Amino acid sequence: MCIFCKIINNEIPSNIILENENFLAFHDINPKAPVHILAIPKIHVDSFNEVTPQIMKDMTLFMQDVAKELGIDKSGYRVITNIGEDGGQEVKHLHFHLLGGAKLAWSHLSDADPKSMI
Ligand code: AMP
């Protein structure tokens with residue numbers, strides 16, 4: 001069982017922000033911004049590659065509720081999902097990072113030379 005499935009099953013503790021029948025949002029253990037939340041489906045989906053439009057429809061509404069709950073919906077935030085090896089996905093259970101609480105840097109992308117990534 002993957003680590004996020006264990007969190008869903010309460011086998012590993014987490015700091016929950018919002019939960020409903022199908023989704024869970026909790027604090028990232030290693031925050032990269034003042035607000036860093038992970039939103040996941042309770043059903044195991046490996047990554048964005050495998051997710052269905054129906055799950056994404058409901059997940060979108062859930063993440064919008066998470067942003068409101070955190071009070072970052074007006075100030076702004078970033079949503080990221082890493083996919084596979086090149087995307088840097090460490091946990092193989094679909095999750096969206098919600099990052100906010102400060103003006104976020106974009107330097108790792110805007111200053112990057114694509115050739116240096118090869
Ligand atoms: P990714 O690199 O996109 O797969 O992101 C995985 C994220 O999960 C990282 O930001 C980790 O800090 C986070 N993480 C791993 N284990 C836990 C945990 N037990 N509770 C909360 N966040 C976790």
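In what order do the five strands form the open sheet? The order is β1-β2-β3-β5-β4, with antiparallel pairing. This is a predicted model, in which local features need pLDDT of at least 70 and side-chain atom pairs count only at pLDDT 80 or more, while totals for chains, interfaces and linings use all residues. Residues are numbered from 1 along each chain as its sequence is written, and side-chain values use heavy atoms, leaving out hydrogens and water.

**Sheet**
- The edge strands, β1 (16-19) and β4 (77-80), each pair on one side only; strands pair if DSSP finds at least two bridges between them.
- Strands (E, at least two residues) and helices (H or I, at least four) are DSSP runs numbered from the N terminus.
- Four antiparallel bridges join β4 to β5 (residues 96-100), and Tyr 77 stands opposite Gly 100 in β5.

**Helix on the sheet**
- Helix α2 (residues 53-70) lies across β1, β2 (23-27), β3 (35-41), β4 and β5, where contact means heavy atoms within 4.5 Å.
- The helix runs at about 155 degrees to β3; axes are lines fitted to C-alpha atoms, for helices over the stretch in contact, and angles run from 0 to 180 degrees between N-to-C directions.

**Aromatic pairs**
- The structure holds three aromatic pairs (ring centres of Phe, Tyr or Trp, its six-membered ring, within 6.5 Å; planes under 30 degrees apart are stacked, over 60 edge-to-face, the rest tilted).
- Phe 4 and Phe 26 pair edge-to-face, at 5.5 Å centre to centre and 80 degrees between the planes.
- This pair links helix α1 (residues 3-8), which holds Phe 4, with strand β2, which holds Phe 26, 22 residues apart.
- Both Phe 4 and Phe 26 are buried (under 20% relative accessible area; exposed is over 50%, partly exposed in between, with a 1.4 Å probe and protein chains only).
- Phe 23 and Phe 62 are stacked because their planes stand at 25 degrees, with the ring centres 5.5 Å apart.
- Phe 23 lies in strand β2 and Phe 62 in helix α2, 39 residues apart.
- Phe 23 is buried at 4% relative accessibility, and Phe 62 is buried at 3% relative accessible area.
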